[in-house]
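Visitor: I would like to learn how to read a few features of this structure. Where do we start?

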Amino acid sequence: MPVQISVNGYRVSPARVTLGTAGSVTDETLVFSFSSEWDGLQKRVTFRACGHENAVPILIPDNGILTVPPQAMAESGYHPAVIDGVGADGTVLYTVEIGFEVLYHPDAGTQPPPGYTPDEYQQFIQLVQNDRLLAQDAAQDARDAANTYPHIQSGTWWVYDPDLGEYVDTGVPSTGTEPVLEEATNEDIDNIFKDLGVQKRRF
C-alpha cells in the first residue's frame with residue numbers, strides 16, 4: 001500500500017513511517033506531495049540507513065512516486081532521511097527531515113523464531129506434502145466410488161455419496177422391470193444343443 005508523505009514548507013507529515021524488515025527487497029511505494037514553496041525545485045530524499053558516510057540520495061520523480069530503494073532497507077532501526085529541494089544553480093533551498101523505521105529479523109537462512117514465516121524450501125515441501133495428501137484422498141474416493149454401484153430403491157435410483165458415506169435418493173424414477181428367470185424345458189435344452197451343433201448326451 002502506498003505511503004503518503006506530505007511536505008509543506010519545512011514540515012513533513014507523517015514525521016515517521018515504517019518501511020519493512022531489514023535486508024528485504026520491498027515493493028513499498030512512497031508518494032510525495034509538496035507545497036507551492038517547492039515548485040520548480042529538483043527534489044530528492046537521502047536515506048541514511050547505511051550510515052552517514054554511505055548515505056544514498058535518490059531523486060524524487062516529478063509525479064512524486066518513488067519505490068523504496070534497497071539501500072533504505074539495509075539495516076534495522078530508526079533512520080533519519082533528508083528531503084531537500086535544489087535550485088537551478090545547485091543551491092539547497094528547502095530541507096526537511098523524516099524518520100524511517102526498518103524492522104529487525106534474523107538473517108535469511110537462519111533458524112526462524114516460532115511463528116515466523118517458513119523459508120521458501122519449507123514452504124515448497126509443505127506444498128508437496130499437501131498435494132500428496134490430496135492425491136491420496138482422491139484415489140481413495142475413486143476406489144470407494146468404484147465399489148458402490150447405483151441401485152433401485154422405492155422406485156427411484158439411489159447413488160453413493162462419498163462425502164456423506166451413504167446412498168442418497170436422486171429422485172430419478174427407475175424404468176423397466178426386473179428380469180424374471182424361468183426354468184428351461186427339455187425342449188429348450190434340445191434346441192440349445194441343436195443350435196450349438198452338439199449331440200446331447202442321453203443318460
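Guide: With the strands: helices (H or I, at least four residues) and strands (E, at least two) are DSSP runs, numbered from the N terminus. Two strands pair if DSSP finds at least two bridges between them. The model is predicted; local features need pLDDT of at least 70, side-chain atom pairs count only at pLDDT 80 or more, and totals for chains, interfaces and linings use all residues. Residues are numbered from 1 along each chain as its sequence is written, and side-chain values use heavy atoms, with hydrogens and water left out.

Visitor: What is the order of the strands in the open sheet of three strands?

Guide: Strands of a sheet pair through backbone hydrogen bonds, either parallel or antiparallel. Here the order is E10-E11-E12, and the pairing is antiparallel. Strand E10 (151-153) and strand E12 (166-173) each have a single partner strand and stand at the edges, so one side of each has no neighbour in the sheet.

Visitor: Over how many bridges do E10 and strand E11 pair?

Guide: E10 and strand E11 (residues 156-161) pair over three bridges, in the antiparallel sense. Gln 153 is opposite Thr 156 in E11.

Visitor: How many aromatic pairs does the structure hold?

Guide: Rings of Phe, Tyr and Trp (its six-membered ring) pair if their centres lie within 6.5 Å; planes under 30 degrees apart count as stacked, over 60 as edge-to-face and the rest as tilted. This structure holds five such pairs. One of them is the tilted pair of Tyr 10 and Tyr 94, at 4.9 Å centre to centre with 35° between the planes. Tyr 10 lies in the loop between strand E1 (3-8) and strand E2 (11-13) and Tyr 94 in strand E9 (residues 92-103), so this pair ties together parts 84 residues apart in sequence.

Visitor: Is Tyr 94 buried or exposed?

Guide: Buried means under 20% relative accessible area, exposed over 50%, partly exposed in between (1.4 Å probe, protein chains only). Tyr 94, at 18% relative accessibility, counts as buried, whereas Tyr 10, at 55%, counts as exposed. Tyr 94 also pairs with Trp 38: the ring centres are 5.4 Å apart and the planes at 35°, so this pair is tilted. Trp 38 is buried, at a relative accessible area of 0%.

Visitor: Which residues form the aromatic cluster?

Guide: Tyr 10, Phe 32, Phe 34, Trp 38 and Tyr 94 form one cluster.
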